[in-house]
Amino acid sequence: GRHRLRASGPCRHAVRTRTRAGREVLARHRPRRRHRALDERLPELNLEGAVVLGESILLAQRGNGASRSNAIVVLDAATTKDGLSDGAVSAASLRDVVPVDLGSLDDVALSMTDLAVDATGRLWFSAAAEDTRNTYEDGACVGSILGRFDERFRVVEVMRIEGREKVEGVAFDPNDPSGASAVLVVDPDDPARSARCLRVRLVGD
């Protein structure tokens, strides 16, 4: 059904996205070269989100380059884990690259910024409408959306977030069995300002 977002204010505690051990793993497995298999499908590679769903790891390709190519990269979780243990993720981990058409917001193309799974197992995404033509320069943001995919990665639900916030992160409260409580991370694109973390709740009409 249709939903609207209700924000209950900023988070009072910092959200730690990487543990110390996690940082060490990321440093140890930092890629030395890009994978040819992904280069052929996504020449403007810009991965900005990841989530485990079933036996797959899903990566969010943000289409904020000239090609506007949003996509979900599907990796086999077991093969990827084995590759990380050996120090490299091979092309054998790649199962599919699924293009995703997110449309636009106020005539500015939407680009996917994160993926998350709620407590009921549904797959959600955040996307921002940022007026830029490449993957490394910031541009004016006219707004963001929170949306949901079905099992075939088709967009089945979309809701606009109030204001012109650039939402670049989303996570759901695993202790809420309804899957309605979420946290959004807002990027101000200003080194003098801290990113904001907002608690929101999906409310049906």
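Modeller: This is a predicted model. Start at Ile 72, which, neighbours within four places in sequence left aside, is in contact with Leu 58, Leu 59, Asp 96, Val 97, Val 98, Val 100, Met 112, Phe 149 and Phe 153. Ile 72 is also among the residues with the most contacts inside the largest nonpolar core, together with Leu 58, Met 112, Leu 115, Phe 125 and Phe 149. That core has 21 residues. At least two of its residues come from each of strand S3 (56-61), strand S4 (71-76), S7, strand S8 (123-131) and S9. Another core, of 15 residues, lies apart from it and includes Trp 124, Ile 161, Phe 172 and Leu 202.

Next, the sheet. S3 and S4 belong to an open sheet of 4 strands, in the order S2-S3-S4-S5, with antiparallel pairing. Strand S2 (47-53) and strand S5 (94-99) are the edge strands, each pairing on one side only. From one strand to the next the twist averages 20 degrees. S3 and S4 run antiparallel and are joined by 6 bridges; Ile 57, for instance, has Leu 75 in S4 as its bridge partner. Helix H3 (residues 77-86) lies across S3, S4 and S5, and runs at about 70 degrees to S4.

Now the loops. Asp 106 sits between strand S6 (104-105) and strand S7 (108-117), and Asp 107 is in the loop between S6 and S7 as well. Asp 106 counts as partly exposed because its relative accessibility is 43%. Asp 107 has 78% relative accessibility, so it counts as exposed.

Asp 150 is in another setting, the loop between strand S9 (140-149) and strand S10 (155-161). Its relative accessibility is 13%, and therefore Asp 150 counts as buried. A polar atom of the Asp 150 side chain lies 2.9 Å from the backbone nitrogen of Arg 152. The side chain of Asp 150 also meets that of Arg 154 in a salt bridge (2.7 Å, N to O). Arg 154, at 43% relative accessibility, counts as partly exposed.

That leads to the charged pairs. Side chains of opposite charge can pair when their charged atoms come close. The whole structure holds 13 salt bridges. In one of them, between Glu 165 and Arg 196, the closest N and O atoms are 2.2 Å apart. This pair links distant parts of the chain: Glu 165 is in the loop between S10 and strand S11 (167-172), while Arg 196 is in strand S13 (residues 196-204), 31 residues apart. Both count as partly exposed, Glu 165 with a relative accessible area of 24% and Arg 196 at 34% relative accessibility.

Lys 166 forms a salt bridge with Glu 168, where the closest N and O atoms are 3.4 Å apart. Lys 166 is buried, because its relative accessible area is 2%, whereas Glu 168 counts as partly exposed at 24% relative accessibility. Through salt bridges that share partners, Lys 166 and Glu 168 are joined with Glu 48, Arg 62 and Glu 130 into one network.

Definitions and conventions
Residues numbered from 1 in each chain as written. Predicted model: local features only at pLDDT ≥ 70, side-chain atom pairs only at ≥ 80, totals over all residues. Heavy atoms only, no water. Buried < 20%, exposed > 50% of the residue type's maximum accessible area, 1.4 Å probe, protein only. Polar contact = N/O pair within 3.5 Å; in protein donor to acceptor, adjacent residues only side chain to side chain. Core = buried A, V, L, I, M, F, W, Y, C linked by side-chain atoms within 4.5 Å. Contact = heavy atoms within 4.5 Å. Pairing = 2+ DSSP bridges. Axes fitted to C-alpha atoms, helices over the stretch in contact; angles between N-to-C directions. Salt bridge = Lys/Arg side-chain N within 4 Å of Asp/Glu carboxyl O.
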